[in-house]
Amino acid sequence: MDSPAWQAEEMTIPKFHELLRIDPSIGPKLVTKYLEAIKQHDGTLKALITINSAALETAIEKATETLTYNQTNKSFPPLHSVPIILKDNYSTANLPTSAGVQALQNLRTKDDSKVVSQLRAAGAIILAKANLHEFALQGITLSSLGGQTLNPYDNTRTPGGSSGGTGAALAANLGLAGCGTDTMNSLRSPASACGVVGFRPSTGRVSCVGIVPVSQTQDVAGPMGRSVGDVRILYGVMKGPDGGEGDGREVSRTIPRTGRQVRIGVLEAYFQPEIHADGTVEAEYIAENKIVQEIIRSSLHSIQGQDADITLVPIAPSSHPDWSYGTLFAKGDTQAFEFKHCLDEFLQSALVSATPHRSLESIAQSGEFDLQAMTHVFSAALEDPEIFSLTSEAYRSRLEFIAVLKESVKQCFDRYDIDALVYPHQTQLPVKIGAKQQTGRNGVLAALTGRPAICIPAGRSPQTASAVLGVPVGLELMGRRWEDGELLDIAERAERILKSRVAPVLY
């Protein structure tokens, strides 16, 4: 090779574009390396559902474009030649879109989803479509079509979810960057479990048109990567030119902070282990929570110690209403009320050109899904359509609860004059293969309030026989609504201090 020595592992978008300036053939070579890595490792990881057979051909075509850009000294489009992994609920005209469901394995769409169109226009190559928890309804990434995705750091554990295929693939260096969706935790859970970065933008920033839906209230599409920098670049393309800001912008503080000064509230209520309905906590959970707390608190100590312009502000549980997962899920989660309506609307839309099923009821009757992967959300509206509908009093009550919750979080930010809240995304490690759900996740607060939230690597648990590097633990930051760029700035500063991203050892 005439170009300088390079490695596909831990490649970043800026580094890749720098190499393309030297040697346009690096584009096809990178795609080839990823395809070889997929062939070598994905049989075990089960991170991907569909490989784009045209990816290498597209990369070769773009190498010609690269040569022209270089000869004319023009800037590359932001994602020029970047091999992207999409969660398989993003519609793609040239590839099936399954949502991980066997019943939908042959679903085809006439066009790309809006976001995919923007990615392609910015120069991206769709390398593959990733496994996800079936219908994106849970956090362990198990599906009837893709099977059980494994955590690259510990093959006895899940990769989180529901965007676990994307997270595992990026952690294992099977692609350069990726896209997921987030209804409750689904971008940030695999980021935490797989040692990558997952960003949930403010609700409404990124179009969800053409993405297989779960909830019109809570769904968000967002970027994933191995660095905040790559996530920022990808997000810049995904949000489009208008940014989707809409109405209801949160009022900024009266006196803006100057320079690099940042105040981060430490949400103490989200550090503690989740208590079961009977008031007990499992011993294993307590031990794992201790590990998580030590990693996150050590990370916060490092951030404050090495960045004098960051101030950490303790937020006591007594200073705000009950924001526990149990309460927010029981009173605010809208998935079971919206899923059937949203899915049926998608399946019956003009975008879908071919599908064996045009309704959730038809899918349920087919039996072509993994019952173990299903949750109450899947069956609720089929079993009790009167309650679980968009016209019920119970649904209206949830929307009212969300409105009150948004105001309580805004008051907390204003009272403490903070730019972000920080907490562990998960209060325990990702569960072992065979568990039916991932408990102890803290993503619901951002999901219900529509605020931007990002999870970055904070460290890893102690080494074990099955996890030679330990299991990743993620630190989550939640910002002010619409202030997505400001939150990315804070995350990038924390990332530079922590430097916690380490590639897994693959066999």
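This is a predicted model: local features need pLDDT of at least 70, side-chain atom pairs count only at pLDDT 80 or more; totals for chains, interfaces and linings use all residues.

**Sheet, helices and loops**

Mentor: Start with helix H2 (residues 26-45), which lies across E1, strand E2 (83-87) and strand E4 (125-130). H2 runs at about 15° to E4. Helices (H or I, at least four residues) and strands (E, at least two) are DSSP runs, numbered from the N terminus. Contact means heavy atoms within 4.5 Å. Axes are lines fitted to C-alpha atoms, for helices over the stretch in contact, and angles run from 0 to 180 degrees between N-to-C directions.

Trainee: What is the strand order in the open sheet?
Mentor: E1-E4-E2-E7-E9-E8-E14-E15-E13-E10-E11, 11 strands with mixed pairing. Strands pair if DSSP finds at least two bridges between them. E1 (48-51) and E11 stand at the edges with a single partner strand each, so one side of each has no neighbour in the sheet. The twist averages 30° from one strand to the next.

Trainee: And which helix lies across E10, E11, E13 and E15?
Mentor: H13 (residues 393-416), at about 125° to E11.

Trainee: Switching to helix pairs. How do H4 and H7 cross?
Mentor: The axes of H4 (residues 114-121) and H7 (residues 228-238) come within 8 Å and cross at roughly 115°. They are therefore roughly perpendicular; that class covers 65 to 115 degrees, with under 35 roughly parallel, over 145 roughly antiparallel and the rest oblique.

Trainee: Which residues meet there?
Mentor: Val115, Gln118 and Leu119 in H4 meet Leu234, Val237 and Met238 in H7.

Trainee: Where is the cis peptide bond?
Mentor: Between Gly161 and Ser162, with omega about 10°. Ser162 sits in the loop between strand E6 (147-148) and helix H5 (164-171).

Trainee: What about Lys46's phi?
Mentor: Positive, about 55°, although Lys46 is not a glycine. Lys46 is in the loop between H2 and E1.

Trainee: Is Lys46 buried, partly exposed or exposed?
Mentor: Partly exposed, at 39% relative accessible area. Buried means under 20%, exposed over 50%, partly exposed in between (1.4 Å probe, protein chains only).

Trainee: And Asn173, buried or exposed?
Mentor: Buried, at 7%. Asn173 also has a positive phi, about 60°.

Terms used:
Residues are numbered from 1 along each chain as its sequence is written. Side-chain values use heavy atoms; hydrogens and water are left out.
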